[in-house]
Amino acid sequence: MKFEDFKIISTASYVPERTVTNKELTSILDTTDEWIVKRTGINRRHVVTTETTSVLCTKVANQLLLKSSLTADDIDLIVVATMSPDYLTPSVSSMVQGNIKAKNAIAIDINTACSGFAYGIHLVRQLLINNYKKNAILIGGENLSKLVDWNDRSTAVLFGDGAGGILISNTCISENSTFIAEDLKTLGNYGNYIVAGYTGQPAPFSTQKIESPFFKMNGRKVYNFAIEEVPKSINGALKRANLCTNDIDFFLLHQANERIIKRISEKMGISEDKFLINIGEYGNTAAASEAILFDQFVNSKVIDRGDKIVFSGFGGGLSIGTVIIKY
Ligand code: ACO
């Protein structure tokens, strides 16, 4: 049996019911609806009340199966991209595997923050090809509201919770290739631009200082990094595929800031219409953002089978990941 490429069988997403509007935030923070909309494009975000990352991801996994003709027994691999797991162990992917009773699947979490979906596609593809596996679930899921200092206006207005995913199957049909090209890059020297999720307490023998678990971000530096590196990454992947921007139907960029997306479209000379955007409703959901966006625009039939799509994520690490697919 040959394993040449994969096909996206189904897409799914889930966000918590509770929404927090910009207006609601003005009652707890020194901010305004106008500032948030103008600087970020965000109107509201969905936040969990009782759910955790594994619960959000399990809902997506169940939907992915329902929208396919497969059962949980058919799944060989579950990958969850997250920077906000319920625990360090068990992994979110293991919890999803147990919850959906996918007894034949191995489960792996990855954490490349907002590039998680693109890195996840890279990893799933390699694992499917190299291990002769057939069906995989890839989910980006986040509970970022627990990592936010709700007294810090510079970060609290930005983030939201949610999960999205795809069910991928190996196919032998190389002429109908889904995967086209990728460009992944890590800039660990700049990791201190975005820090969140300090875990644990130092042992009594340790002299380590206790850090805050909440987001600390140098927003301006991350903004400049995104404007500089995302076009390079997209152009790198296009070059490898021997494609130009006109060949691409839609660009699905990580939803961190509408201004970043508009600036990138301007810088690359690509019409804004090709950049799909939903940050107004969800805020920044890190590894979940491109997956939620993809599912939304597949469901509304804006994205059609055969469309060429660029996914490009950027953020914590720092990391950047671009993947080009034909849906
Ligand atoms: N409401 C009102 N004023 C605010 C708020 C707020 N919520 N937040 C900051 N301000 C003030 C600041 O205090 C500052 O005031 P000052 O001029 O008196 O000092 C002023 O607004 C401007 O602040 P900047 O930080 O310079 O604002 P900027 O235009 O850069 O926007 C933002 C900030 C939205 C964070 C932007 O820098 C950004 O989007 N950066 C990129 C973030 C990103 O892409 N993250 C992705 C990765 S996240 C991850 O990996 C998990």
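Not counting residues up to four places away in sequence, F215 touches M83, L144, L147, V148, D152, T155, F159, I194, V195 and A196. Before I go on, keep in mind that this is a predicted model.

So where does F215 belong? It's one of the residues with the most contacts inside the largest nonpolar core, along with I234, F251, L253, I264 and I324. That core has 49 residues. If you want to find it on the screen, look for α7 (219-241), β11 (250-253), α8 (258-268), β12 (308-315) and β13 (319-326), each of which supplies at least two of its residues. The biggest giver is α7, with ten residues. And because domain 1 (4-169) and domain 2 (178-326) both give residues to this core, it lies between them. There's another core apart from that one, with 33 residues, and V79, Y119, I121 and F294 are among them. As a general point, nonpolar side chains in soluble globular proteins tend to be buried together.

Now, the domains themselves. The protein divides into domain 1, residues 4-169, and domain 2, residues 178-326. Their C-alpha centres are 14 Å apart. On the contact side, domain 1 puts in 53 residues and domain 2 puts in 47 residues. How much area is buried between domain 1 and domain 2? About 4000 Å², and carbon and sulfur atoms give 61% of that. Take the area that domain 1 buries against domain 2: C114, F117 and Y119 supply 16% of it, more than any other three residues. There's some charge pairing too, with two salt bridges found across the interface of the two domains. While we're on salt bridges, have a look at K67 and D295, whose side chains meet in one at 3.4 Å, N to O.

Two of those names, F117 and Y119, take us to helix α5, where both are on the list of buried residues.

On to the loops. Is T285 buried or exposed? It sits in the loop between α9 (279-282) and α10 (289-299), and at 1% relative accessibility it counts as buried. Leaving out residues up to four places away in sequence, T285 touches E142, L144, G160, D161, G162 and I292. L144 is also on the contact list of F215. Compare I28, in the loop between α1 (22-26) and α2 (33-40). I28 is exposed, at 53% relative accessible area.

Another cis bond joins G317 and L318, with omega about -5°; L318 is in the loop between β12 and β13. Then we have K101, with a positive phi of about 60° although it is not a glycine. K101 lies in the loop between α4 and β5 (106-110) and is exposed at 62%. K301 also has a positive phi, about 65°, and isn't a glycine either. You'll find K301 in the loop between α10 and β12, exposed at 67% relative accessibility.

Key. Residues numbered from 1 in each chain as written. Predicted model: local features only at pLDDT ≥ 70, side-chain atom pairs only at ≥ 80, totals over all residues. Heavy atoms only, no water. Core = buried A, V, L, I, M, F, W, Y, C linked by side-chain atoms within 4.5 Å. Buried < 20%, exposed > 50% of the residue type's maximum accessible area, 1.4 Å probe, protein only. Helix = DSSP H or I, 4+ residues; strand = E, 2+ residues; numbered from the N terminus. Domains from an automatic or database assignment. Contact = heavy atoms within 4.5 Å. Buried area = accessible area lost by both parts, 1.4 Å probe. Salt bridge = Lys/Arg side-chain N within 4 Å of Asp/Glu carboxyl O.
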